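Please read this briefing alongside the sequence and the model.

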Amino acid sequence: MSSFHKGALFVGLILLSLVSVSSLAVDKTGYYGYGSPATAVEIAGWDIDVRPDGTGLPEGNGSVEDGEVLYEVKCAECHGSFGEGVGRFPVLAGGEGSLTDQRPSKTVGSFWAHTSTLWDYIHRAMPFTQPESLEDDEVYSLTAYVLYLNDLVEDDFVLSKKNFTTIELPNKANFFPDPRPDVHNIRCMKNCKKLEDIQVVSIVLPAGDNGAVDTQTQAAKEKALQPGELVYNQNCAICHDAGVGGAPIIGDVADWIKRAATGMLTLKQHAIKGFTGAVGLMPPKGGFLNISDEDVNEAVEFMVESSR
Ligand code: HEC
Ligand code: HEC
């Protein structure tokens, strides 16, 4: 009796798996048969863009006055109380008339084309360590306040969905659709130019460099640095030099001894994967996901070495 049952069960299992394989083959959830269509709720979570004509804005409003309080608490630490930018964090105000300088100051007031970019940017990405944490009315207030810092509205101004499109940014007219046609290179397969015959007509200046690049002194400068130091300077110093958001300050021996006690491996993993500790949030790789794990590890070693 019992053996009959087992056999039946076995046949049943085979049938079951045949059925599921064939149903996978006709399943329309994608070429490889996995994944599922995004639900309306999931799409709504991603579909948060706001356009220059106000499309995508939620109902709501916010005043310069409320914005000032929020800004001091949530933004000034990095962008400065007047939008002047702390350290290398972006400047949000000023810079009018500087666009033709060799080092223009591109701010919301001097450079940006649309108020909607400001609302959208704050809403989706700020504060840097807590993106998408602000209520819609808070975003309206903060947008109003950044406009105020740029002398574009008065101190009693209230920004709302209704009056949104009446606020035009001063540099708008200098943006225009690029009229140049698309061009495509044809890949050379034979009798191609020799490398030495190719003329470089323009180069990109490294950030922070003011004039022509002397690649040799640049290379020498980079060589003189300790391993991990350049990575630190470019990606970590922005918070760890001054202790932004509670970041342990490089050279603060007492703080780093405590942290190093958990082991270098832990510190490195926290730096790579991100870490929320007692004082704040360390974003994965400091928010610079383009750098390699090895580079982050070297930067951590440099930080610990410099804090003994
Ligand atoms: C921990 C530091 C930090 C805090 C706090 C912070 N920001 Fe930022 N903000 C940044 C960084 C870094 C960028 C540049 C991000 C990038 O380029 O990817 C930025 C970019 C911006 C920009 C775009 C500037 C430009 O010209 O490209 C705006 C606008 C802005 N932040 C507004 C805010 C507002 C409003 C708050 C407060 C709710 C805030 N930020 C809080 C670090 C911060
Ligand atoms: C946006 C600011 C910010 C940037 C950029 C940043 N950090 Fe941090 N980091 C923090 C904060 C805040 C903490 C403290 C978190 C806590 O202990 O609550 C921290 C902590 C750390 C720690 C200690 C972790 C532990 O376990 O105690 C290490 C190591 C570290 N960061 C490495 C780096 C490296 C390497 C970089 C550059 C690749 C970097 N950080 C860039 C904010 C930053």
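In the classes used here, Ala, Val, Leu, Ile, Met, Phe, Trp, Tyr, Cys and Pro count as nonpolar, Asp, Glu, Lys and Arg as charged, and the others, Gly among them, as polar. By that division, the shell around ligand 1 has 13 nonpolar, 3 polar and 2 charged residues. This is a predicted model, in which local features need pLDDT of at least 70 and side-chain atom pairs count only at pLDDT 80 or more, while totals for chains, interfaces and linings use all residues. Residues are numbered from 1 along each chain as its sequence is written, and chains are lettered from A and ligands numbered from 1 in the order in which they are written.

**The chain as a whole**

- The protein chain has 11 helices and 4 strands, where helices (H or I, at least four residues) and strands (E, at least two) are DSSP runs numbered from the N terminus.
- Of the 308 residues in the protein chain, 20% are buried; a residue is buried if 20 or more other C-beta atoms lie within 10 Å of its own, exposed if 12 or fewer, and partly exposed in between, with C-beta atoms placed from the backbone.
- Among contacts between residues at least 6 apart in sequence, 58% join residues at least 24 apart, two residues being in contact if their C-beta atoms, placed from the backbone, lie within 7 Å.

**Around the two ligands**

- Ligand 1 has 18 residues around it, of which C75, C78, M126, P127 and F128 come nearest; a residue is near a molecule or strand if its C-beta atom, placed from the backbone, lies within 6 Å of it.
- The elements giving two or more residues to the shell around ligand 1 are α4 (76–79) and α5 (115–125).
- Ligand 2 is surrounded by 32 residues, and the closest are C236, C239, G277, M282 and G286.
- At least two residues of the shell around ligand 2 come from each of α8 (229–240), α10 (264–273), β4 (281–282) and α11 (293–305), with the largest share, 5 residues, coming from α8.
- By class, the shell around ligand 2 divides into 18 nonpolar, 12 polar and 2 charged residues.

**Helix packing**

- The axes of α8 and α11 come within 9 Å and cross at roughly 70 degrees; axes are lines fitted to C-alpha atoms, for helices over the stretch in contact, and angles run from 0 to 180 degrees between N-to-C directions.
- α8 and α11 are therefore roughly perpendicular to each other, given that angles under 35 degrees count as roughly parallel, over 145 as roughly antiparallel, 65 to 115 as roughly perpendicular and the rest as oblique.
- On the α8 side this contact is made by E229, V231, Y232, N235, C236 and H240, and on the α11 side by D295, E298, A299, F302 and M303, which gives 6 nonpolar, 2 polar and 3 charged residues.
- α10 and α11 pack at an angle of about 125 degrees with their axes 9 Å apart, and they are therefore oblique to each other.
- M264, L267, K268, A271 and I272 of α10 meet D293, V296, N297, V300 and V304 of α11, a contact with 7 nonpolar, 1 polar and 2 charged residues.
- α5 and α6 (residues 136–149) pack at about 130 degrees, with their axes 9 Å apart, and that makes α5 oblique to α6.
- L118, W119, I122 and H123 in α5 meet V139, L142, T143 and V146 in α6, and this contact has 6 nonpolar, 2 polar and no charged residues.

**Loop residues**

- P127 lies in the loop between α5 and α6, and the peptide bond from M126 to P127 is cis, with omega near -10 degrees.
- E132 is also placed in the loop between α5 and α6; E132 has a positive phi of about 60 degrees although it is not a glycine, and with 10 C-beta neighbours inside 10 Å it counts as exposed.
- N191, in the loop between β2 (158–160) and α7 (215–224), has a positive phi of about 50 degrees without being a glycine, and N191 counts as exposed with 5 C-beta neighbours inside 10 Å.
- A247 lies in the loop between α8 and α9 (253–260) and is buried, with 20 other C-beta atoms within 10 Å.
- Leaving aside neighbours within four places in sequence, A247 is in contact with C239, H240 and G280, while A247 and L281 are 34 residues apart in sequence and 8.1 Å apart in space, C-alpha to C-alpha.
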